[in-house]
Amino acid sequence: MARVRLDRLSKRFGAVPVLDDISLDIAAGEFVAFLGPSGCGKSTLLRMIAGLESVDAGQIHIGDRRVDQLPPGGRGVAMVFQHYALYPHMTIFENMAFGLRNAKVAKAEIEARVAEAARILEIERFLPSKPGQLSGGQRQRVAIGRAIVKKPDLFLFDEPLSNLDAALRLRTRLELAQLRRRLDATMILVTHDQVEAMTLADRIVVMSDRRIQQIGTPMEIYARPANRFVATFVGSPPMAFLDVTLNVGADGLARAALADGAGVQTAMPLADLPSSPTWRLGVRPEAAKVVAPGTGLVDAKIAFVERLGDRTLVHLRLADGGALTAEDAGTSRAAMDDIVGLAIDGPVHLFDAEDNAHHPRAPT
Amino acid sequence: MSGSAQPVGRSPWEARAGFAVMVVLALIMVLPLLWTLGLSLKANNELLRDTGSVFHGPYTLENYGSILRRAAVFRWLGNSLLVSLCTTLGVLTLSSLAGYGFARLEFPGRRWLFALVLFGLAVPEQSVIITRHQMFSALHLHNTYPGLFLPGLSAPFGVFLMTQYFKAIPVELDEAALLDGASRLRVFWSVLLPLTLPAQATLGIFTFLSSWNDYWWPLISATRSEMFTLTVGVASSQINFAQTSGLGFLMAQAVFASAPILAVYVVFQKYIVRAVSGAAVR
């Protein structure tokens, strides 16, 4: 396991910039997820670390070595590809042994390492088979096994679960988490699935528009998003935003007033906030509750109801046109076109005109 | 699929009628071959009187015996085999390397060079034959084995086929192998080339057949009898028809010349069918 340091990395494809001034420090043994929408540059960044894409500017260090000028095979990394990339004409054993043979590892050592990885991943009985004889989940295990046997300094996972069906994805995710604990290695996962990132990673790097938007632990990213993009991208259903004006409330804290004058008390001291021509109040569904009409902050009309069993998501339309999703009990009797009251019962977030988020100081 | 399976939407009578038509067409196709085979099994003096005697005995292997007693025929057979094998190996090697290069490597002018190769498909052999003849003459390559097989190595179709096949292989396999510490050569040799075997088989078979059947260039390049290929040698016997040992002997030579090709068809018919149905490039 090794520390990974990315220093001011930039990349262009022809005239199109793909990554812009990316810097990141990953501790030895840390599991980091690159999370972002398609086209944000996360896979390109992973491929640059692997050596499959050249670096236009900046440096990559793995351990004590600068590796951005080294070929992929010389960087001490192993990668699990989205589509497995197993060699179809080789047996599973040969697939797993291929890298070790290239590294001139002794035959007995190769057999021992492959056997150990196969035992861990429970794929021993497939060793004489060809990849075409295996299911998607089994192939994914082999791809992981091929990475494990190399004992790399750094594991790279490029959307490894996206080709699996929902049930298998859940199982493989759990297995990946257990494997991580067992291997105690530095790992980078690229995904557009926030659940994967939240459940597997120590830290999440949220990327968009060629840049890192925020780096933090899963709960930091969720509870204290750096900007409106992160707040929207992380969390399902996404955070809703209401146009508000700010005035001073109790204890000097900012009070966010909706268009009809109803106000929400925030935990932010008004004095700590910068001046901004406009403000938005960010509300996650679990902070919004459905109550009887006239008893909440404002009244709203139910636009749609999603029953999820253990809870109900109620999509509300406010009188000023604003939209918001509230969470209700699984046994909720909310129905479309009903008029209900909206109560805010949980943390809210403030976003200035440039979409930057403002949070109360974190407790020390 | 079992032999009794009916195509969807067709009645049994339609299927039977279709089968009968196919049988008739197959007989029409095979009739000249049977005719040749029949004539080759008849005595020459009998055929001089009436070729209709092919439909009844007696039959004889005397014509084949005559071939085996002629040393030149074996020389021509050997020449054909050598030239066809050299052409096939050369085309497979060059087409694979060029196909890999065009499909996987980035270099200046790649697209223009590939377009130039494709343009070669549109150039008829007849238009370059005089120039080629002069060039080979100047290089003293006529009446040599390289002179017979070198022109066949220019195979734009082979380059095109292999390029398309390499392009169809996911580039992630190259990347996985590079991450596994393989060199470019090892990626090509150990990972990609084995995956192109169906295309190699198709290209190899067609190149071999085409080279074996080639008549025009060996006719120009090989002027000495000992350098004739089988096609030219057999034809030279037919041109001197009046001096030949007769029709039965000529037909036996034709069967003898076709036998290796028929063997290739029989052994590799799976690949040939896949190739002509377009399955090989998928």
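This is a predicted model: local features need pLDDT of at least 70, side-chain atom pairs count only at pLDDT 80 or more; totals for chains, interfaces and linings use all residues.
A crossing counts as right-handed if the near helix is turned clockwise from the far one by less than a right angle. I needed that written down for the first helix pair below.

**Entry 1: helices 3 and 4 of chain A**

I looked up how helix 3 of chain A passes helix 4 of chain A, and the crossing is right-handed. Helix 3 covers residues 107-121 and helix 4 covers residues 136-148; their axes come within 9 Å and cross at roughly 140°. Angles over 145 degrees would count as roughly antiparallel, therefore I logged helix 3 and helix 4 of chain A as oblique to each other.

Which residues make the contact between helix 3 and helix 4 of chain A? From helix 3 I listed Ala117(A), Ala118(A) and Leu121(A), and from helix 4 Arg141(A), Ile144(A), Gly145(A) and Ile148(A). I sorted the residues of this contact by class and got five nonpolar, one polar and one charged. The spacing on both helices made me jot down a reminder: an α-helix has 3.6 residues a turn, so residues three or four places apart point the same way.

**Entry 2: helices 11 and 14 of chain B**

Next I went to chain B, where helix 11 (residues 197-213) and helix 14 (residues 247-267) have axes that come within 11 Å and cross at roughly 165°. The cut-off for roughly antiparallel is over 145 degrees, so helix 11 and helix 14 of chain B go down as roughly antiparallel to each other. I have the crossing of helix 11 past helix 14 of chain B as left-handed.

Helix 11 of chain B brings Ile205(B), Phe208(B), Leu209(B) and Trp212(B), while helix 14 of chain B brings Pro260(B), Ile261(B) and Val264(B). What is the class make-up of the contact of helix 11 with helix 14 of chain B? I find seven nonpolar residues, no polar and no charged.

**Entry 3: chain A as a whole**

Chain A has eight helices and 21 strands, and its C-alpha atoms fill a box of roughly 75 × 45 × 40 Å along the principal axes. Of the 364 residues in chain A, 41% are buried. I also checked contacts in chain A between residues at least 6 apart in sequence, and 63% of them join residues at least 24 apart.

The contact takes five residues from domain 1 of chain A and six residues from domain 2 of chain A. On the side of domain 1 of chain A that touches domain 2, I count three nonpolar, one polar and one charged residues.

**Entry 4: where the chains touch**

How many residues does each chain give to the contact of chain B with chain A? I got 14 residues from chain B and 18 residues from chain A. On the chain B side, helix 9 (171-179) and helix 10 (184-195) are the elements that give two or more residues. Helix 9 of chain B gives the most to that side, with six residues. By class, the side of chain B that touches chain A holds nine nonpolar, one polar and four charged residues.

Ser236(A) and Pro237(A) are joined by a cis peptide bond, with omega about 0°. I placed Pro237(A) in the loop between helix 8 (228-233) and strand 11 (240-248) of chain A.

Arg8(A) has a positive phi, near 50°, and sits in strand 1 (residues 4-13) of chain A. Is Arg8(A) buried or exposed? Arg8(A) has 11 other C-beta atoms within 10 Å, so I marked the residue as exposed.

Then I checked chain B from helix 6 (residues 129-138) onwards. Helix 6 of chain B is hardly covered, with one buried residue among its ten. His140(B) follows helix 6 of chain B and has a positive phi, near 55°. Asn143(B) also has a positive phi, near 60°, and lies in the loop between helix 6 and helix 7 (145-149) of chain B. Asn143(B) has 14 C-beta neighbours inside 10 Å, so I put it down as partly exposed.

How values were computed. Residues are numbered from 1 along each chain as its sequence is written. Chains are lettered from A and ligands numbered from 1 in the order in which they are written. Two residues are in contact if their C-beta atoms, placed from the backbone, lie within 7 Å. Helices (H or I, at least four residues) and strands (E, at least two) are DSSP runs, numbered from the N terminus. Ala, Val, Leu, Ile, Met, Phe, Trp, Tyr, Cys and Pro count as nonpolar, Asp, Glu, Lys and Arg as charged, and the others, Gly among them, as polar. A residue is buried if 20 or more other C-beta atoms lie within 10 Å of its own, exposed if 12 or fewer, and partly exposed in between; C-beta atoms are placed from the backbone. Axes are lines fitted to C-alpha atoms, for helices over the stretch in contact, and angles run from 0 to 180 degrees between N-to-C directions. Angles under 35 degrees count as roughly parallel, over 145 as roughly antiparallel, 65 to 115 as roughly perpendicular and the rest as oblique.
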